Amino acid sequence: MPPLKDEVARLPPAALAEAERMARQDGKLSAALAHPLERRRILTLLASGAIAGPLGRCDPGAADRHLYSAAEAPEGIVPGRTERFATAHLLEGHARGIVVTHRMGRPLKVEGNPGHPASLGGTDPFAQAALFDLYDPDRASGPLQGGEPVAPARVATMFAALRADLAASRGRGFRILTEPLTSPSLGRMLDTVLARWPEARWHQHAPLPRSAAFAGAMAAYGKPLSVLPNPAAADVILGLDSDLLDAWPWQLPAARGFASRRNPVRAPMSRVYAIEPTPSLLGLQADHRFAVGSVELHRIAGLLAAGLLQGAVPADGPPWLVPLLSDLKDHHGRALVHVGPHQPAALHALCHAMNAALGAPGNTLTLCAPALHHPVDPGTDLRDLVEDMAAGKVETLLVLGGNPCFIAPDFLAALGRVRRAIAACDAPNETALACGWYVPLAHAMEAWSDARALDGTAGICQPQLRPLYAGQNPLSVLGQCLEAVPDSRAWLRATWRDRLPDDRAWQAALAAGVIAGTTFPTLAATLRPAAASTGMAGTGMAGTGTAGASPGLDVSFRADARLGDGQYANNPWLQELPDPLTKTAWDNPLRLPPRLAGRLHARDGDLVTLGIGDRRVTLPCWIVPGQAEGCVVATLGQGRRTGSTARGVGTDLYPLRLARGAVDIRRVGGRREVACTMGQAEMTAEAGDILRRIDLSDFQAGARPDHVGGDGSLYHRAPPGPAAWAMSIDLNACIGCNACVTACQVENNIPVVGREEVLRGRVMHWIRIDRYETGSFSAFQPVLCMQCEQAPCETVCPVGATVHDAEGLNGMVYNRCVGTRFCSNNCPYKVRRFNYFAFAAEERRPPASRNPDVTVRGRGVMEKCSFCLQRIAAARVAHDRDGVPEHAETACQAACPTRAISFGDLNDAQAEVRARKRSPLDYALLPEQNTRPRVTYEARVSNRNPAAGT
Amino acid sequence: MAAIFGPEANLGARLVLLAMAGMATLLVGGWIVLPRTDWLTGRGFPIQQPVPFSHQHHVAGLGLDCRFCHATVETSANAGLPPGYTCMTCHSQVWTQAAVLAPVRQSLLQHRAIAWNRVTNLPDYVYFDHSIHVARGVACESCHGRVDRTALLDKQHSLSMGFCLDCHRNPAPRLRPPDAVFAMGWQRGPATPSPQALMRLYHVGDRNLTDCTLCHR
């Protein structure tokens, strides 16, 4: 039997040339032509598919046909209803309040805590995805000694021996290594341990330390302090490589404040400038974004500072600098300058000086004492420890949390000289396996703890369930340096004895998630006179995370927007989340600016070797338009060596970070395809029709996004039901943070498909965030099922598996679906997702972690956004049964930190969505299709400064 | 020219026709009739339980209300199973040493759940809510049957989608006044409000009860 490719070879030459031309254009076709399948084998596969298909669809039913009645009913738990408990999710040690929803004692969903100042009801993808880490079976290993499992009693014996040694040596040679922490109780425990064993030392390390911000504040104010930006009060915002909207401890309130001033229908619109080497989330929202390299950025910052502080007119700056400067000056007290952590301390000091000159403190930003317990520069602190370890001064090392062996290769090298290394980590990670002892830590949702937000507001973190895998509370691990059986909860109560004296106050604090009156007062700090001059003198120096001295090539090491510093790398939800900027998943390609890539003749996915000094790493590259010439961005966090999901994914770039020397990039032969979701769901219309954009001046002059179509149909039916569910998405507020995507994934039991399937365009997310870019303009557009009133998918389904209901919902009846995929082909918005394999059955999380209110879809079934039908059903029942208002909130809406998504009943006069649909910016996607979508958008408005050019 | 088919071919043709008819019968039987039989719907087969609990004795004999044990039926999607503690409110006084109650006593002593065998089991893709049905005047008896007459419980209705739709398409004659929802063997009397009055009382006509999305998600 001749192989298929021989058939191709026998084509006439002209047809062959045509086929080759097509193959070049279409990678999929060439892959298909090159495939070595024979016809007989194809027929065999087809036949076995025809037989296996229906068999695979037979539902064996629940194997367990039992009902369990409790011996004693747990207090407050009603089977079939949900309970909610407040706690906090930590980012860089700082709390962001969350509320965890339970069913029958199982935590199943995370929402923001509206009463917590660092959440305001919003969440980020990390908090949403934390549930996977909680249930992660990788954590189930139990304690290890030298990599071998040991009985938990041996850990207690080891701690007893440690206490005996400490008593003999007063703590000499005993070191504790933690990440920066805000927990008052853990801090008190550390202080107690250090007081009891006075020669012991505590070190802090952070994978991506905010050393520059720390040093900048020291230079400007003479003491460490935190800056709380308040963009809601700012008319003009200038971001200098700013991370205002990226993941940092004050991201959620900053994003809320930012978005509150970006829609001219609801509030006077702010103007945002961003000057940065690589696009940040703030830069992608900016009205003016200028891509400049680090050196030029420092020069421009110096010119800006000279203009603001000394009134100098910048002579040799870019043409937009003077208009920008006068815009800032014209908004004294209503302007904000924000600088990101990758910039040097001098720039931070300068930024403090500029903000002071602009009257920002007290208006557009607040200064307060740092919430961290004993803030130090974590970079130097770790270096000290590593030096002592290498010098043999460290007898016993207790690593409490974090993964220093992964983030600091020199730490790993020095670890061999430590006699007794104990790693207390939340999973058997690189550090756990490198240290002699591994003590499993409880997940943050399993342990009593407390934490402060960036503004100092403290809250108790209560355990949501007993430890699933017998992990220990960090407090009790540390407490075992003092006594045999510490009681974490009692320790916590003792810490808060003054503020929460009785059970009533304690319960109230638990329920609220915050302890009233703990917010730090505003700091009235006075700027040192020398701040500006030192800043201006020092802006030329290299920043943190900047390596190499080669002119014109600057490598910036940044945290992966989805994986943090690598701590979330074992979370498949976050691995499969498309990066906000590049929309790549499951990999961390080196981000190159277009011209550099052109010089290297590199395309997306081509392998390049990045060398710094004598170290080199080979990884695929990715071209990022809008990245400054000469700026190369390396994302950290991938390339983990442990973890069922993380192992072998992406490339570890931490080893390069410590290298010093000349930077060198060259293309090596070969490619590694990078899974990217951009362009996988293309809508057939001009991009300008899909994402509508309007200038503020035009809008004020009366221009509106066109309303096309809508009522052009002779056959019109409106769903008659009592409720009319609809959604409005404000494109001015969407910052592309991905919280909605993850929230939807958790809520709706959406499976992860893996890198290979993402490459084939089979990602399952029900809501995707499209990104559009023209020149310096960029915008995000969340696209989910439009719930069309006249849905094209319904008319083509041969089995009636997708049908409309009376309330306007386009429903999927999974059990009717036979998998023809006609609906998906006929959907103009490309929002339907097909289970090509039994993705859900292959997930490695326990079934108990799934949402019991949502069907788990099997192989061969189409699925798509249901407007969180389970939440609507709950609201419907509550209304009909108890007479409460029929109020439902979708998972994406609840998670959104900026309230970009509004959802509700159009028939409810009070519904916010009704008001938003009447916004003059309201428009429907692809109106010419006449689908009458229930989801509409508010067009993106640009508030451009005509003097500043493009 | 010789005939293509000999006389014996007639037999073959008849056999083929017979086989086709037989297959059609099997198909109709297997696809349409078989799923409706009690054998597959499980109707009328008493289910063995770890404790031979008699609804007949407790409901008809002692007059316990359904809600005494199924306490969350009015507030939650799940009707709820009584914890062993509830059993012991009485059985710590009566039948304290009965051998049949040993599993209940053991359950309380050892804090272990009792594994009851399911009598009614809806498919996983059906989301039934007890509370709204009870609040809308659908009686326990309508789906669970006369539990006051069965010692060891069995499934008394098929609980197939057709069974649900019979009522969802025409709820009026099946609604009961609020005080009769938990009653067994209730009959419409002269004082009973008319079906239409009950429909208005419960606002049942407000929603389209045959939407797929009402029960499937």
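Me: What share of the contacts in chain B with a separation of 6 or more comes from residues 24 or more positions apart?
Reply: In this predicted model, such residues account for 65% of those contacts in chain B.

Me: And what is the radius of gyration of chain B?
Reply: Chain B has 25 Å, whereas a compact globule of 217 residues would have a value near 17 Å. The C-alpha trace of chain B spans about 100 × 50 × 35 Å along its principal axes.

Me: How many helices and strands does chain B have?
Reply: There are eleven helices and one strand in chain B. Along the sequence the pattern reads α-α-α-α-α-α-β-α-α-α-α-α.

Me: What percentage of chain B is buried, and what is its accessible surface?
Reply: Buried residues make up 31% of the 217 residues in chain B. The accessible surface of chain B is about 13,400 Å², and 64% of that belongs to carbon and sulfur atoms.

Me: Which residues make the nonpolar surface patch in chain B?
Reply: The patch is made by B:Leu27, B:Val28, B:Trp31, B:Ile32 and B:Val33, and its area is about 550 Å². B:Trp31 belongs to helix H1 of chain B, residues 8-33.

Me: Is B:Trp31 buried or exposed?
Reply: B:Trp31 counts as exposed because its relative accessibility is 67%, and the cut-off for exposed is over 50%.

Me: Changing topic to chain A. In what order do the seven strands of the open sheet run?
Reply: The order in chain A is E6-E5-E17-E16-E15-E7-E8, with mixed pairing. Strand E6 (148-149) and strand E8 (201-204) are the edge strands of chain A, each pairing on one side only.

Me: What holds strands of a sheet together in general?
Reply: Strands of a sheet pair through backbone hydrogen bonds, either parallel or antiparallel.

Me: How many bridges does E7(A) make with E15(A), and how many with E8(A)?
Reply: Five bridges join E7(A) to strand E15 (residues 396-400) of chain A, and the two run parallel. A:Phe174 has A:Thr396 as its bridge partner in E15(A). Four bridges join E7(A) to E8(A), also in a parallel arrangement, and A:Ile176 stands opposite A:Trp202 in E8(A).

Me: Why is E7(A) described as largely enclosed?
Reply: Five of the five residues of E7(A) are buried, so the rest of the structure largely encloses E7(A). On one side the buried residues are A:Phe174, A:Ile176 and A:Thr178, and on the other they are A:Arg175 and A:Leu177.

Me: Which way do E16(A) and E17(A) run?
Reply: Strand E16 (residues 420-425) and strand E17 (residues 437-440) of chain A run parallel and are joined by four bridges. A:Ala424 stands opposite A:Val439 in E17(A).

Me: What about helix H27 of chain A: how many of its residues are buried?
Reply: Nine of the nine residues of helix H27 (residues 739-747) of chain A are buried, so this helix is largely enclosed by the rest of the structure. Among them are A:Cys740, A:Gln745 and A:Glu747. Just after H27(A), A:Asn749 takes a positive phi of about 50 degrees.

Me: On to charges. How many salt bridges are found over all chains?
Reply: A search of the whole structure finds 63. In one of these, the side chains of A:Glu199 and A:Arg172 meet at 3.2 Å, N to O. That pair links distant parts of the chain, 27 residues apart: A:Glu199 is in the loop between helix H7 (184-196) and E8 of chain A, and A:Arg172 is in the loop between helix H6 (152-169) and strand E7 (174-178) of chain A. A:Glu199 is partly exposed at 32% relative accessibility, while A:Arg172 is exposed at 58%.

Me: Are B:Arg176 and B:Glu141 buried or exposed?
Reply: Both are buried. B:Arg176 forms a salt bridge with B:Glu141, with the closest N and O atoms 2.7 Å apart. B:Arg176 lies in the loop between helix H9 (161-169) and helix H10 (195-202) of chain B and B:Glu141 in helix H8 (residues 140-144) of chain B, so the pair ties together parts that are 35 residues apart in sequence.

Me: Which residues do salt bridges with shared partners join into one network?
Reply: The network consists of A:Glu807, A:Arg876, A:Asp880, A:Glu886, B:Arg136 and B:Arg207.

Note on methods: Residues are numbered from 1 along each chain as its sequence is written. Chains are lettered from A and ligands numbered from 1 in the order in which they are written. This is a predicted model: local features need pLDDT of at least 70, side-chain atom pairs count only at pLDDT 80 or more; totals for chains, interfaces and linings use all residues. Side-chain values use heavy atoms; hydrogens and water are left out. Patches are made of residues with over 30% relative accessible area and no salt bridge: like charges are joined within 9 Å, nonpolar side chains (Val, Leu, Ile, Met, Phe, Trp, Tyr) within 5 Å. Accessible areas come from the Shrake-Rupley method with a 1.4 Å probe; for residues, only the protein chains shown count as cover. A salt bridge is a side-chain nitrogen of Lys or Arg within 4 Å of a carboxyl oxygen of Asp or Glu. Buried means under 20% relative accessible area, exposed over 50%, partly exposed in between (1.4 Å probe, protein chains only). Two strands pair if DSSP finds at least two bridges between them. The radius of gyration is taken over C-alpha atoms; the globule rule is 2.2 Å times the number of residues to the power 0.38. Contact means heavy atoms within 4.5 Å.
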